[in-house]
Amino acid sequence: MDHDIEKRVVTDQRRLNQSSLFTAFAFSFLTLIAVTTLVLMSNFSMQQHRDFLEVKRMIPQQHLPLSSENESKSKQEEKTQVVMTNITSVNKKILLLIETFSGDNLSDKFQRKANEFIGDIGCEVNFVMTWISSSSSVLFGKREVLAIESVFKSHPHGCLMILSASMDSPQGYKTLKPFLDRGYKVVAVTPDLPFLVRGTAGETWLEEIRSGGRDPGKISLAQNLSNLMRLAYLYKYGGVYLDTDMILLKSVKGLNNVIGAQTLDPSYTNWTRLNNAVLIFDKKHPLLLKFIEEFAQTFNGNVWGYNGPYLVTRVAKAAVEGSSDQYKNFTVMRPSAFYPVNWLEIDKFFKVPKTEKESKWVKVKLLQMQRRSYGLHLWNKFSRKFEIEQGSAMWRLVSDHSLICQIIGSASSSSS
């Protein structure tokens, strides 16, 4: 019996110990939750402060959080002034860039040049490029000059208008002079953006950007102005828009109302993404107006490509699936037409093949391009760091599509 009593006492003692341990553990757990909650609330407050400092265009808060209890009022005012200065600086840069493409004197000059250009009956094809930069000193480089050469190599009687403030200058004229001296029709003109978007949804968007009512985002505004400008120009005048890193391989004279597909689905029968590096449209085409409306209504300046390639993809997809026939008068060409080499493989074109497999790939690709391609997109965003190696596929293309070797040399010495 004594043994049984002792056993029960030991058992009760163990239970008591377990109960005490559980109570201690529960108390510690509740304490941890309370501390964690206080830390998270503190971090949340600090995170709001960091976000405010990073978003330069946000309206300043009336009371900024203090970094310490002893911070003086003068230091608070100094920090607020720094934020206000940053906001003003951002606004000034945006306004300065937009005002570059505005003004009554500019409007008269642009309309006169555009009308002369479009009205030239000697132009078999009217081409347009954009070159928008926040710096007035940024001119065409070797690749952009090569793009011009390819235009006139495949279209000797074509006309090219470059919408650019920096190229519409004495320095820009020097870059174009070798072409002008040989009789090619090329002109750089500062575009009048308010005139181009007048009467479209782009007019409202431009005013909102000007007034600060629309966030331009972290992506370069120059890039998105180019996206809008090409659409507005084509809607008003029609023609062939080309990116400055598009090398034409043969004439596009017979193409009308065309967009190029960048990718296809696994079956290779349906397109999945389009690109806006080449746009060929008649003026006043309703699809162009839809592009502009989409640009203005869904503008997102924080996602690369959202207002460009992704935009034309969204609108074209909706047009194909929609019930209205007025938006279906366009053709989507296969990737081989303008994007025969994707951006992941473009480096292979700049380098001399090192293996038999690489050599075979390049040979097959060049043969396919000769048969099916109108142009080659160089994907400058990814390939600008590559030099053209002698003996590479790009070296052969440059040799085949250069008008006059001296043009590249002359232009590169006067461009950045």
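**View A. Helix α8 passes helix α9 in a left-handed crossing.** A crossing is called left-handed if the near helix is turned anticlockwise from the far one by less than a right angle, and right-handed if clockwise; helices (H or I, at least four residues) and strands (E, at least two) are DSSP runs numbered from the N terminus. This is a predicted model, in which local features need pLDDT of at least 70 and side-chain atom pairs count only at pLDDT 80 or more, whereas totals for chains, interfaces and linings use all residues. Residues are numbered from 1 along each chain as its sequence is written, and side-chain values use heavy atoms, with hydrogens and water left out. The axes of α8 (residues 221-237) and α9 (residues 286-298) come within 9 Å and cross at roughly 150°, the axes being lines fitted to C-alpha atoms over the stretch in contact and the angles running from 0 to 180 degrees between N-to-C directions. The two helices α8 and α9 are therefore roughly antiparallel (over 145 degrees; under 35 is roughly parallel, 65 to 115 roughly perpendicular and the rest oblique). On the α8 side the contact (heavy atoms within 4.5 Å) is made by N224, N227, L228, L231, A232, L234 and Y235, and on the α9 side by L288, L289, F291, I292 and F295. By class, the residues of this contact of α8 with α9 comprise 10 nonpolar, two polar and no charged (Ala, Val, Leu, Ile, Met, Phe, Trp, Tyr, Cys and Pro count as nonpolar, Asp, Glu, Lys and Arg as charged, and the others, Gly among them, as polar).

**View B. Helix α7 also passes α9 in a left-handed crossing.** The axes of α7 (residues 201-211) and α9 come within 8 Å and cross at roughly 30°, which makes α7 roughly parallel to α9. Here A201, G202 and W205 of α7 meet I292, E293, F295 and A296 of α9, and the residues of this contact divide into five nonpolar, one polar and one charged.

**View C. Helices α9 and α10 make a right-handed crossing.** Their axes, with α10 spanning residues 309-321, come within 10 Å and cross at roughly 125°, so that α9 is oblique to α10. From α9 the contact draws on L287, K290, F291, E294, F295 and T298, and from α10 on L311, V312, R314, V315, A316 and A319; eight of these residues are nonpolar, one is polar and three are charged.

**View D. The largest pocket is lined by 29 residues, of which Q223, R230, D243, D245 and R384 lie nearest its centre.** The elements giving two or more residues to this lining are α8, β7 (271-281) and α14 (380-383), with the largest share, five residues, coming from α8. The lining divides into 10 nonpolar, 13 polar and six charged residues.

Note on methods: 1 Å grid on protein atoms, 1.4 Å probe; cavity = no way out; pocket = protein on both sides within 12 Å on 5 of 7 lines; lining within 4 Å.
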